[in-house]
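Dear colleague,

I am handing over the structure below, and I would be grateful if you could look through it alongside these notes. What was found follows after it.

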Amino acid sequence: MSSEQGHGPSAGEYIQHHLHHLQKNFNFENVEQHSIVDFSLFNFDSMLFSVVLGFLGCLTLWLAARKATSGVPGRFQAAVELMVEMVENQAKGVIHNAQSRKLISPLALTVFVWIFLMNAMDMLPVDFIPAIWHSAGPALGFNDYMRVVPTADLSTTLGLSCSVLLICLFYNIKIKGLGGWAHELIAAPFGDHWAVYPINFLMQMIEYVAKTVSHGMRLFGNMFAGELVFMLIALMGGYMSLSATGIGLTIGHLVAGTVWTLFHILIITLQAFIFMMLTLIYTGQAHDAH
Amino acid sequence: MENILGLVALACGLIVGLGAIGASIGIGLMGGKFLESAARQPELANELQSKMFILAGLIDAAFLIGVAIALLFAFANPFVLK
């Protein structure tokens, strides 16, 4: 919170402060973003948390794989095996090419675990890490901004969905050949006739763009809305000392916080699962010849 | 200025309300069909259930993106000059 003026920030200021990313440019200087799209800076907090969580997820799975026994599995191994099998089964249903599945199933598993971990940062109290950062950050020479949910950042989710697009393009070329894919691009939805080539090409481009943007926006929208609702609930608790009906607000804060956290457990898992499924479905589409 | 604020407040209400109507109708239709088909062919229920969850997430997403945008307008409004 930016409460250097003696009194606390207003509700709007609190939310705006919490929606501000810790931004750095490529010389690692503190900067602020002024336009909607700015490629000269990056969100340091999202980068930090996503890399740390990705490392944690890989480490956990690696530990499970290293300690795996063919005898009676422990609880941890059984849980990981269940998850791996679930992803493998979903991949089998969508991608019928066993050679491609060797790469795509682990990819889908990584995507699932990583996005689940990043979404799960929402489960931490909204002010927990920002409050630590409020005292630690400025002492280290950083700005006093911190957002802990990497998937509530459009840069992260669109980065992920663009990577999926690149993999789709790779498999399009690998399976159909460059010529075959080019032919599909101009002949696919309406048929192989020179008069409809431009319309076909336009349709294909719209399809690729819409797929990629909606893929990223879906995850971002869900996480961003969830984070904002958590902030509103936190505000409700924050206002309890300021009014006569403070007790009511405290109860509301506890009830709403519990209910939304429980509902959010469903949302974070579901969104990670949907992102993984769509990754599989889009790469599966790259394997289908028209 | 007050005019803009009022219109933005109205817009937030419309975004959330209309989005909720659409998402609710969609989820209701899909859930009803799922129960119908599960009653008709109980052996397919598990397979259909995972597909239903995917679709529920897809339907939900459009509404939740709307809620996020409405909340953003309510707290960090880009249309109001500071």
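The axes of α7(A) and α8(A) come within 9 Å and cross at roughly 170°, where axes are lines fitted to C-alpha atoms, for helices over the stretch in contact, and angles run from 0 to 180 degrees between N-to-C directions. The two helices, α7(A) and α8(A), are therefore roughly antiparallel to each other, a term used for angles over 145 degrees. Their contact, α7(A) with α8(A), is made up of 12 nonpolar residues, 10 polar and one charged; Ala, Val, Leu, Ile, Met, Phe, Trp, Tyr, Cys and Pro count as nonpolar, Asp, Glu, Lys and Arg as charged, and the others, Gly among them, as polar.

Please bear in mind that this is a predicted model, in which local features need pLDDT of at least 70 and side-chain atom pairs count only at pLDDT 80 or more, while totals for chains, interfaces and linings use all residues. Residues are numbered from 1 along each chain as its sequence is written, and chains are lettered from A and ligands numbered from 1 in the order in which they are written.

Chain A has eight helices and two strands, these being DSSP runs numbered from the N terminus (helices H or I, at least four residues; strands E, at least two). Of its 290 residues, 29% count as buried, meaning that 20 or more other C-beta atoms, placed from the backbone, lie within 10 Å of a residue's own, whereas 12 or fewer make it exposed. One exposed residue is A:Phe39, with 6 other C-beta atoms within 10 Å, and A:Phe39 lies in the loop between β1 (23-25) and β2 (41-43) of chain A.

In chain B, helix α2 (residues 45-75) has 31 residues and reaches 43 Å from its first C-alpha to its last, close to the 45 Å expected, which is 1.5 Å times one less than its number of residues. A kink of about 30° in α2(B) is centred on B:Ala61, the bend being the angle between axes fitted to the seven residues ending there and the seven starting there. B:Ala61 is itself buried, as are others in α2(B), including B:Phe63 and B:Leu64. The buried residues of α2(B) pack against α7 (197-238) and α8 (246-287) of chain A, together with α1 (2-40) of chain B.

Between the chains, the contact takes 15 residues from chain A and 12 residues from chain B, two residues being in contact if their C-beta atoms lie within 7 Å. On the side of chain B that touches chain A, 11 residues are nonpolar, one is polar and none is charged.

Terms used
Parallel < 35°, antiparallel > 145°, perpendicular 65-115°, else oblique.
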